[in-house]
Amino acid sequence: VQLQASGGGLVQAGGSLGLSCEASGGTFISYAMTWFRQAPGKEREFVAAISWTGGPGGVTYYADSVKGRFAISRDNAKNTVSLQMNSLKPEDTAVYYCAARQKRVGEKMVEVVTAPMDYWGKGTQVTVSS
């Protein structure tokens, strides 16, 4: 599976930015999709995850630091996962990565958010100025 993220850029604090990640080469619906980020000098951290089906029946998880400000969604017809980021803060500045984890039998989404990802895309830079 190849993942290609796009949509990063420079935005002022309080602004909004949308990221998109397109998957190719696999059966998209069989993958839970996630976003991670890595700020300079810091370890990569979990941002958000969405279950295999997405939509109204899907399950989403968010890091506490972005809960209420970010929204993850997926379009299984277009093999894309998106991250809408609102009320951005300077501390949201980081390289953002999309990642995929193939569904394992019996695995629950709560386990996915702490499990190793199977595929990673190249990151996209998000810079929030104060």
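Good morning. A word of caution before we start: this is a predicted model. Keep that in mind throughout.

Let's begin with the disulfide. How many disulfides does a search of the whole structure find? The search finds 1. The partners are C21 and C98. Their sulfur atoms sit 2.0 Å apart. The angle about the S-S bond is 50°, and the link is right-handed. Now look at where the two cysteines come from. C21 belongs to strand β3, residues 17-24. C98 belongs to strand β9, residues 94-102. They are 77 residues apart, so the pair links distant parts of the chain. Are C21 and C98 buried or exposed? Both C21 and C98 are buried.

Next, strand β9. Find C98 again and follow the strand that holds it. β9 is mostly covered. Of its 9 residues, 7 are buried. Which strands does β9 pair with? Take β4, residues 31-38, to begin with. β4 and β9 run antiparallel, and 8 bridges join them. For a landmark, find F36, which stands opposite Y97 in β9. Then there is β11, residues 124-129. β11 pairs with β9 over 3 bridges, again in the antiparallel sense. The landmark here is V95, opposite Q125 in β11. Then comes β10, residues 119-120. β10 and β9 share 2 bridges, and the sense is antiparallel. Here A100 stands opposite Y119 in β10.

A quick piece of background. Strands of a sheet pair through backbone hydrogen bonds, either parallel or antiparallel.

Now to the other end of the disulfide. C21 took us to β3. In what order do the strands of its sheet come? The order is β1-β3-β8-β7. That makes 4 strands in an open sheet, with antiparallel pairing.

β1 and β3 run antiparallel, joined by 5 bridges. On that pairing, L3 stands opposite A23 in β3.

Let's finish with two residues, one from each region.

The first stop is Q2, in strand β1. W35 is 33 residues from Q2 along the chain, and their C-alpha atoms are separated by 15 Å.

The next stop is T34, in strand β4. Why does T34 count as buried? Its relative accessibility is 0%, and buried means under 20%. Setting aside residues up to four places away in sequence, T34 touches A48, A49, Y97, C98, A99 and M117. Notice C98 in that list. C98 is the disulfide partner of C21, which brings us back to where we began.

To recap. C21 in β3 and C98 in β9 are the pair that links distant parts of the chain. β3 sits in the open sheet β1-β3-β8-β7. β9 is joined to β4 by 8 bridges. Thank you.

Note on methods: Residues are numbered from 1 along each chain as its sequence is written. This is a predicted model: local features need pLDDT of at least 70, side-chain atom pairs count only at pLDDT 80 or more; totals for chains, interfaces and linings use all residues. Side-chain values use heavy atoms; hydrogens and water are left out. A disulfide is a pair of cysteine sulfur atoms within 2.5 Å. Buried means under 20% relative accessible area, exposed over 50%, partly exposed in between (1.4 Å probe, protein chains only). Two strands pair if DSSP finds at least two bridges between them. Contact means heavy atoms within 4.5 Å.
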